[in-house]
Amino acid sequence: MEERPDQRAQDHVLIIEDDERLAGLTRDYLEANGFRVTVEEDGARGVERILAIQPDLVILDLMLPGEDGLSICRRVRSEYPGPILMLTARTDDMDQVLGLEMGADDYVPKPVQPRVLLARMRALLRRLDVTESSADTRLTFRDLEVDNATREAWLEGDRIDLTSAEFDLLWLLASHAGRVLTREEIFSQLRGIRYDGQDRSIDVRVSRIRPKIGDDPHHPHRIKTVRSKGYLFVKDS
């Protein structure tokens with residue numbers, strides 16, 4: 001058992017996976033590491049199960065009988081606020097991009113490495129913990145407000161529709177306004193892993209966040225790309 005000192009008691013994980021053997025092995029591994037686990041093998045019941053159980057985290061396979069993972073993710077995203085970790089094919093970059101666009105918070109390639117899966121899950125669950133140590137919980141940039149206590153953002157007084165992962169990235173960038181954050185730093189903070197130089201998940205999220213916060217996707221003035229380094233959130237855009 002790999003101890004996690006800050007793990008909340010009995011985090012509930014819902015695994016939606018039609019591979020009975022893989023689901024069983026994953027369940028046993030997670031239960032041995034202190035999680036409460038529910039397994040659903042039928043994609044057609046995926047939406048119903050997520051909304052009814054409201055687990056702390058969902059592990060969602062991309063390819064499922066009845067309804068695929070992308071569709072499930074898209075349908076529940078507005079009513080399920082927790083993190084969704086998607087299982088994708090190792091070499092299919094498009095699957096990963098589509099998963100992020102549908103609202104997935106992270107993805108793990110198959111075949112699943114248990115320790116990698118556990119590390120990704122813990123990184124996602126840490127976001128749910130209230131961080132009272134931060135003195136600044138609300139940041140204001142002219143017509144844009146970002147509130148870490150409520151995990152909401154507003155543009156010209158209107159609430160912005162952000163996924164959990166999009167808010168995390170926006171808050172990270174905004175709370176470091178005026179400083180370039182490298183992709184390595186962003187990956188370490190948000191996903192608990194090292195940047196491999198090829199992962200596009202952060203770039204996909206930035207491209208989705210920009211229009212939501214009033215940024216021009218082609219000539220951004222709020223979140224600027226710093227070539228060969230990372231991203232800069234401009235203090236006064």
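Colleague: Where does the second largest pocket lie?
Modeller: Between two domains. Domain 1 (12-128) and domain 2 (138-233) both give residues to its lining, so the pocket sits between them. Keep in mind that this is a predicted model.

Colleague: What volume does that pocket have?
Modeller: About 470 Å³.

Colleague: And how many residues line it?
Modeller: The lining of the second largest pocket has 22 residues. Nearest its centre are Arg77, Asp161, Leu162, Thr163 and Ser164.

Colleague: Which helices and strands supply at least two residues each?
Modeller: Strand β8 (152-155) does, and so do helices α6 (164-174) and α8 (201-212).

Colleague: How do the lining residues divide by type?
Modeller: Nine are charged, eight are nonpolar and five are polar.

Colleague: Switching to cavities. How many of 30 Å³ or more does a search of the whole structure find?
Modeller: One. The largest cavity has a volume of about 40 Å³.

Colleague: Which residues line that one?
Modeller: Ile15, Glu17, Leu22, Ala23, Thr26, Ile59, Leu87, Val112 and Leu117. Seven of the lining residues are nonpolar, one is polar and one is charged.

Colleague: Which element gives the most to that lining?
Modeller: Helix α1 (residues 20-32), with three residues.

Colleague: Now aromatics. How many aromatic pairs does a search of the whole structure find?
Modeller: Two. One of them is Phe167 with Trp171, and that pair is stacked. The rings are 6.5 Å apart centre to centre, with 15° between the planes.

Colleague: Where do Phe167 and Trp171 lie?
Modeller: Both are in helix α6. They are four residues apart, about one turn of the helix.

Colleague: Is Phe167 buried or exposed?
Modeller: Buried. Its relative accessibility is 2%, and the cut-off for buried is under 20%.

Colleague: What about Trp171, buried or exposed?
Modeller: Trp171 is buried too, because its relative accessible area of 12% also falls under 20%.

Colleague: One last topic, Tyr195. Where is its place?
Modeller: In the loop between α7 (183-191) and α8.

Colleague: Which residues is Tyr195 in contact with, leaving aside neighbours within four places in sequence?
Modeller: Arg183, Glu184 and Phe187.

Colleague: And what separates the C-alpha atoms of Tyr195 and Glu185?
Modeller: A distance of 8.4 Å. Along the chain, Tyr195 and Glu185 are 10 residues apart.

Definitions and conventions:
Residues numbered from 1 in each chain as written. Predicted model: local features only at pLDDT ≥ 70, side-chain atom pairs only at ≥ 80, totals over all residues. Heavy atoms only, no water. 1 Å grid on protein atoms, 1.4 Å probe; cavity = no way out; pocket = protein on both sides within 12 Å on 5 of 7 lines; lining within 4 Å. Points joined across faces, edges and corners; volume = space filled by probe spheres on them. Nonpolar A, V, L, I, M, F, W, Y, C, P; charged D, E, K, R; others polar. Domains from an automatic or database assignment. Phe/Tyr/Trp six-rings, centres within 6.5 Å; stacked < 30°, edge-to-face > 60°. Buried < 20%, exposed > 50% of the residue type's maximum accessible area, 1.4 Å probe, protein only. Contact = heavy atoms within 4.5 Å.
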